[in-house]
Amino acid sequence: MPPASAPTTGPGGGPPRPVSGHRFAVALACGLLCSPVALTTLLTSVLRSQEWLHLPAPLDGPGRIALWYALIAFFVMSRAWVGQRRVHWHWPVIGILACGSVCASRAASLSIFLPLVVPAWLLALYLCVFHLRRGAGEGTQLGQEPAAV
């Protein structure tokens, strides 16, 4: 039986993958910057059912689902990027489409929050490229398919 201090194995039973401190800091900073905007939009869409609050027009059902998916995809892609892994193709593809549809429908109300969301948008675009790129790179070995999350 291995001692309690022995390192755990990584995904697939391989060696553990180190977590990049720089990547973690970038993902955390972008997530914290855009979180007030995301939470405000989500809460507004949920609380809009209370007519006495007189809130601005909410995201409708599909818009709310698209926003949730985009936020979850951003989290999943960021987490995998920090751990130097790649995710399944649907996270970046559907996540960027969901984000684009929400941003296009709420462009006027998002303009005030632009300084807060631009870093997260840029990181999300980079993460899409990172996760969709195949072949040798960070988190994969030459000739092997990247591990999907």
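The dialogue below sets computed values against the definitions that they rest on.

Mentor: This is a predicted model, in which local features need pLDDT of at least 70, side-chain atom pairs count only at pLDDT 80 or more, and totals for chains, interfaces and linings use all residues. Residues are numbered from 1 along each chain as its sequence is written, and side-chain values use heavy atoms, with hydrogens and water left out.

Trainee: How many helices and strands are there in the protein chain?
Mentor: There are 5 helices and 0 strands. Helices (H or I, at least four residues) and strands (E, at least two) are DSSP runs, numbered from the N terminus. The order of elements from that terminus is α-α-α-α-α.

Trainee: What percentage of the residues of the protein chain count as buried?
Mentor: Of its 149 residues, 32% count as buried. Buried means under 20% relative accessible area, exposed over 50%, and partly exposed in between (1.4 Å probe, protein chains only). The accessible surface of the chain comes to about 9200 Å², and 71% of this belongs to carbon and sulfur atoms. Such areas come from the Shrake-Rupley method with a 1.4 Å probe; for residues, only the protein chains shown count as cover.

Trainee: How many disulfides does the structure hold?
Mentor: It holds 0 disulfides. A disulfide is a pair of cysteine sulfur atoms within 2.5 Å. For Cys 30, the nearest cysteine sulfur is that of Cys 34, 7.5 Å away, and Cys 30 is in no disulfide.

Trainee: Why is Cys 30 called buried?
Mentor: Its relative accessible area is 9%, and the limit is under 20%; Cys 30 is therefore buried.

Trainee: What makes the span of helix H3 agree with expectation?
Mentor: The expected span of a helix is 1.5 Å times one less than its number of residues. For the 16 residues of H3 (residues 90-105) this gives 22 Å, and the end C-alpha atoms are 22 Å apart, so the two agree.

Trainee: Which residues of H3 are buried, and how do you know on which side they lie?
Mentor: They are Trp 91, Pro 92, Gly 95, Ala 98, Cys 99, Val 102 and Cys 103. They cover an arc of only 140° around the axis, which puts them on the same side of H3. The arc is that of the directions from the helix axis to the C-beta atoms. The face turned away from that buried side carries the exposed residues Leu 97, Ala 104 and Ser 105.

Trainee: What can be said of H5 in these terms?
Mentor: Helix H5 (residues 114-132) has 19 residues and reaches 26 Å between its first and last C-alpha, close to the expected 27 Å. Its buried residues include Val 117, Leu 123, Phe 130 and His 131. The buried residues of H5 fall within an arc of 160° when seen down the axis, so they line one face of the helix. On the other side, Pro 115, Leu 122 and Val 129 are exposed.

Trainee: What makes Pro 92 a buried residue?
Mentor: Pro 92, in helix H3, has a relative accessible area of 1% and is therefore buried. Beyond neighbours within four places in sequence, its contacts include Cys 128, His 131 and Leu 132.

Trainee: Why does Leu 33 count as partly exposed?
Mentor: Its relative accessibility is 35%, between the limits of 20% and 50%, so Leu 33 counts as partly exposed. Leu 33 belongs to helix H1 (residues 21-47). Its C-alpha is separated by 7.9 Å from that of Pro 119, 86 residues apart along the chain.

Trainee: Why is Gln 84 given that label also?
Mentor: At 23% relative accessibility, Gln 84 therefore counts as partly exposed. Gln 84 is found in the loop between helix H2 (61-82) and H3, and has a positive phi of about 60° although it is not a glycine.

Note on methods
Contact = heavy atoms within 4.5 Å.
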